[in-house]
Amino acid sequence: MFKTVRIDRGPAGFGGPLVITPTEQRNKVVCVTGGGFHPVALKLAELTGCELVDGFKTGCPDDQIAVVVVDCGGTARCGVYPKKRIPTINVMPVGKSGPLAQYITEDIYVSDVKVENISLSDGSAPAPAPSAAPAQAARPAAATAPAEKGNFLARFGKAAGKVVGIFFQAGRNTIDITIKSILPFMAFVSMIIGIILESGIGNIIANFVSPYAGSLPGLLVISVICSLPILSPMLGPGAVIAQVVGVLLGVEIGAGHIPPSYALPALFAINPQVGCDFLPVGLSLAEAEPQTIEIGVPTILMTRLVTGPLSVVIAYFMGIGLF
Amino acid sequence: MEVLAHLATGFIALFQKGGSVFTGLVTGIIPTLVVLITAVNSVIGMIGEEKVNKIAQLCTGNIILRYTLFPVIAVFFLTNPICYSFGRFLPEKYKPAFQDASISFVHPITGLFPHANSAELFVWMGISQGITQLGLPLGELAVRYFITGVIVILIRGIVTEKATLYMFKKNGIEV
């Protein structure tokens, strides 16, 4: 008898959860990790009762595979099996990447999986008695791989591969965020700055805003307005308002209309509304009860009226002697 | 005809200026930013989330650490917006205060550690561009922004915590 398992993604993972029920036809867990069986594959075989196959040593017809375990750093293996629509578990934290990225979808692929991410899908803890027999069936297979830990060279290679994988993933994430967020905002900001500097709007702003932004009472007025509980949730989204005002003030500071010593208090004056639009979502990320959210959100909005202007005063004194 | 040509020149000049600003941002900021963010992401990847969770939970008991070190660790390691999930380590009555403290830190951290909120860099960068233009150094401003941020989130945390407890009591909720 085969059992259904549920596999969730790990903390840095992508995709899933996958629910896998092996059949008489698809009854093999294929492990393509090199250097013996990966603990994740062992656990899968134990829970499902599937036969464990080392993909590096023996081939296995695709139509017999229930699930495949890989340790791919983001080029080939992680895409090959999803392309064939075989459920794929990657023990590395790799998302949609590599030349086959388009096939890596959440319904067929899950990554950064650790042993504790695997559970029987009825939600109960694995019952020891029924799973004992399949576990024993799996063990001999594991034992036939004599160098389960691998020799020194293999272990060194794996460790090095893991570290390089982390660096590579870090680089990939960075380039992603640069292209998706940083560059578009730079384009937007450049357009605004260009128009302000060339068109003469800059002078109007200098006359209108600088008197406010260039004095402590003026900054306090700005911060009180931004922290009004009716306005603050509307000024929050994506910090776009704070960023645009930041750019405007930066231009004025650069042009000499606002003294640089006001930079620090200004950073707080334009931002007392930070995240006010996001509070309910943030609180639900913190797994707060609905009741806590109901009370917490208005409470934060109200305290911002006090702590917003207060932050400007603190920043004003923290900025003394800076420029 | 001359008027039209004059207008066209002026019109194009708006965007030529913008273009040179864009070139400045891309060549001046992006290379360092990309390498810095990659380095910090690598360090975070090596340390791993589980270890960070363990260390962070040590800071939840003390009221000072709860609204200084705890949100700083959350924002640094988990970055905006996943950092708010650290609230799950706290009892319900502290969650709004932690939310207030952590979300207030997502911009003060960007002066030193842009990886933590790389989609919203221009609160800091907008203003710091002006300082750069004056030929003044940014380092100390970034450090003071960070430190002031920590002081501000401590105050926000404590004020919101007291206010939440008051509101809980007023609504007859057990704390």
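The following paragraphs describe the interface of chain B and chain A and then a pocket in this predicted model. Local features require pLDDT of at least 70 and side-chain atom pairs pLDDT 80 or more, whereas totals for chains, interfaces and linings use all residues. Residues are numbered from 1 along each chain as its sequence is written, chains are lettered from A in the order in which they are written, and side-chain values use heavy atoms, without hydrogens and water.

Chain B brings 70 residues to the contact and chain A brings 76, contact meaning heavy atoms within 4.5 Å. The two chains bury about 6,200 Å² between them, 77% of it on carbon and sulfur atoms; buried area is the accessible area (1.4 Å probe) lost on being put together, summed over both parts. B:Phe122, B:Ile127 and B:Arg144 supply 11% of the area that chain B buries against chain A, more than any other three residues.

Across this interface the rule finds 1 salt bridge, defined as a side-chain nitrogen of Lys or Arg within 4 Å of a carboxyl oxygen of Asp or Glu. A:Arg304 forms a salt bridge with B:Asp100, with the closest N and O atoms 2.7 Å apart. On the side of chain B that touches chain A, the largest share, 17 residues, comes from H8(B), where helices are DSSP runs (H or I, at least four residues) numbered from the N terminus.

The second largest pocket has a volume of about 540 Å³, the space filled by probe spheres set on grid points joined across faces, edges and corners. A pocket is an open set of points on a 1 Å grid over the protein atoms alone, where a 1.4 Å probe fits, with protein on both sides within 12 Å along at least five of seven lines; lining residues have an atom within 4 Å of a point. Of the 28 lining residues, those closest to the centre of the second largest pocket are B:Ile29, B:Met125, B:Ser128, B:Gln129 and B:Thr132. H7(B) gives the largest share of this lining, 8 residues.

Notes: Helix = DSSP H or I, 4+ residues; strand = E, 2+ residues; numbered from the N terminus.
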